[in-house]
Amino acid sequence: MINHFPLGEISAEQFLAEYWQKKPLLIRNAFPDFIPPVTADELAGLACEEDVESRLIIQNPDNDDWELEHGPFDEERFGELPESHWTLLVQAVDHWSPEAAELMERFRFVPNWRIDDLMISYAADQGGVGPHYDNYDVFLIQASGRRRWEIGGKYDQNSPRRPDVPVMILPEWEAEEAWVLNPGDMLYLPPQVGHNGFADGDDCMTYSVGFRAPAKSEILRQYTDHLSDQLTSEQRYADPDLKLQENSGEISALAMSQVRQMFIDGLEGEALERWFGRFMTEPKYPELFDALQHNEDAPQTTDLNSIDLLHRNEGSRFAYYSGEELVHLFADGIEYPLAKEHLDFVQLLCSSPEVALNGQAFCTEINRVLKALISNGSLYYETLD
């Protein structure tokens with residue numbers, strides 16, 4: 001279990017208080033003697049896979065035109081690329097590489113449900129994606145080669161952008177600060193901070209740790225859709241205490257209080273917390289988990305006493321909510337309620353990428369949940385020798 005954070009001399013508490021979603025931070029040598037868990041050749045191989053999300057961005061330096069291609073790519077495509085000004089980006093590499101997933105454990109000072117994925121980019125000399133901004137926090141780790149990063153002011157949806165290119169590029173770009181990052185260096189950027197990174201030489205590989213920041217509109221829309229699905233057509237606005245109004249055109253305060261109560265009823269108990277846990281742990285690629293659940297060749301076990309190690313699936317999202325009566329474990333959009341006495345075990349599952357069972361026996365309730373997590377593809381295991 002990795003138990004230290006790549007924040008240099010800054011504690012996690014200080015980072016969250018002074019930098020998180022507030023201002024950029026450059027950390028030199030955040031990863032001393034960093035050895036990339038995924039090589040450039042392995043990254044290119046992933047970009048050729050059908051299930052892997054990948055992009056190729058090419059800039060023409062003569063006319064500043066930009067091209068965007070989506071994977072999967074043929075191996076021959078990489079031999080056709082120009083000598084400079086191109087970038088390969090592969091999304092969610094931690095889903096496919098246990099070593100990359102292990103790197104993500106270094107960032108658990110941010111809650112699990114906020115962590116998104118690890119994107120890796122490989123760039124030829126001067127390759128980049130142009131000046132832009134993101135709506136989420138990101139840590140940019142220099143894995144190999146050198147990359148020059150420029151940062152500017154804050155931008156939003158009203159900021160000018162080029163309409164003639166297939167990627168978002170800020171045309172009125174002015175750098176306020178700039179650094180060249182070497183292997184092991186890391187740059188943190190809050191949301192909406194403009195930035196422009198490009199390779200300073202060949203063999204430039206950058207790891208981007210991104211975070212989930214769902215839009216308020218998405219949260220409200222998804223939750224109200226969820227509530228609507230729970231209601232029947234007979235549950236309607238009712239006013240058995242209706243009084244004669246002086247003017248029939250008025251929408252009365254009493255009517256609005258009843259409408260307001262409809263929204264309040266949707267927040268009663270732990271309905272919001274339980275929905276949010278399922279919503280925020282939904283898999284990034286649900287179709288991959290569907291395939292896991294229907295894979296007849298996957299190993300099965302009904303004897304938990306034979307298990308040595310449990311491993312969290314590299315693409316799985318785990319979180320929990322400790323309610324009034326139960327602790328609710330969420331894994332990949334599914335809720336597993338357990339008695340509060342099992343809180344310690346739930347916390348262990350959420351905080352550790354692997355859990356040693358060593359053949360120990362568990363109660364019926366934990367056995368039921370563990371078997372469901374294995375069956376649903378959220379956990380896999382190693383058996384005792």
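Figure 1. Arg162 is buried, its relative accessible area being 18%, whereas Asp164 is exposed at 51%. Buried denotes under 20% relative accessible area, exposed over 50%, and partly exposed the range in between, computed with a 1.4 Å probe on protein chains only. A salt bridge also links Arg77 to Glu80, with an N to O distance of 3.5 Å. Arg77 is buried at 18% relative accessibility, and Glu80 is exposed at 56%. The structure contains 15 salt bridges.

Residues are numbered from 1 along each chain as its sequence is written. As the model is predicted, local features need pLDDT of at least 70 and side-chain atom pairs count only at pLDDT 80 or more, while totals for chains, interfaces and linings use all residues; side-chain values use heavy atoms, with hydrogens and water left out.

**Figure 2. The salt bridge between Arg317 and Asp116.** The closest N and O atoms of Arg317 and Asp116 are 2.9 Å apart, and the two residues form a salt bridge. Arg317 lies in the loop between β12 (307–312) and β13 (318–322) and Asp116 in strand β5 (residues 115–123), so the pair ties together parts that are 201 residues apart in sequence. Helices (H or I, at least four residues) and strands (E, at least two) are DSSP runs, numbered from the N terminus. Arg317 is buried, with a relative accessible area of 9%.

Figure 3. Arg212 is located in the loop between β11 (204–211) and α5 (216–230). Arg212 is buried but has no salt bridge, and the nearest side chain of opposite charge, that of Asp116, is 4.8 Å away; Lys and Arg count as positive and Asp and Glu as negative, with His and the chain ends not counted. A polar atom of the Arg212 side chain lies 2.3 Å from the backbone oxygen of Met280. Leaving aside residues up to four places away in sequence, Arg212 touches Trp113, Arg114, Ile115, Asp116, Phe279, Met280, Thr281, Glu282 and Arg317, where contact means heavy atoms within 4.5 Å.

**Figure 4. Aromatic pairing of Trp20 and Phe211.** The structure holds 24 aromatic pairs. Rings of Phe, Tyr and Trp (its six-membered ring) pair if their centres lie within 6.5 Å, and planes under 30 degrees apart count as stacked, over 60 as edge-to-face and the rest as tilted. The ring centres of Trp20 and Phe211 are 5.3 Å apart and their planes stand at 80 degrees, so the pair is edge-to-face. Trp20 lies in the loop between α1 (12–18) and β1 (25–27) and Phe211 in strand β11, so this pair ties together parts that are 191 residues apart in sequence. Both Trp20 and Phe211 are buried. One aromatic cluster is formed by Phe5, Phe15, Tyr19, Trp20, Phe107, Phe109, Phe139, Tyr188 and Phe211.

**Figure 5. Helix α7 and its buried residues.** In helix α7 (residues 271–280), the buried residues are Trp275, Gly277, Phe279 and Met280. The buried residues of α7 pack against α5 and β14 (326–331). Trp275 and Phe279 are four residues apart in α7 and are therefore separated by about one helical turn.

Figure 6. Gly71 and Pro72 are joined by a cis peptide bond, with omega of about 5 degrees, and Pro72 lies in the loop between β3 (65–70) and α3 (75–79). Asp64, although not a glycine, has a positive phi of about 55 degrees. Asp64 is placed in the loop between β2 (54–60) and β3 and is partly exposed, with a relative accessible area of 32%. Asp203 likewise is not a glycine and has a positive phi, of about 60 degrees. The loop between β10 (193–199) and β11 contains Asp203, which is partly exposed at 38% relative accessibility.

**Figure 7. Cysteines without a disulfide.** The count of disulfides is zero, a disulfide being a pair of cysteine sulfur atoms within 2.5 Å. The sulfur of Cys363 is 16 Å from the closest cysteine sulfur, that of Cys350, which is too far for a bond. Cys363 is partly exposed at 32% relative accessibility, while Cys204 is buried, with a relative accessible area of 0%.

Notes: A salt bridge is a side-chain nitrogen of Lys or Arg within 4 Å of a carboxyl oxygen of Asp or Glu. A polar contact is a pair of N or O atoms within 3.5 Å; within protein, one must be able to donate a hydrogen and the other to accept it, and residues adjacent in sequence count only if both atoms are side-chain atoms.
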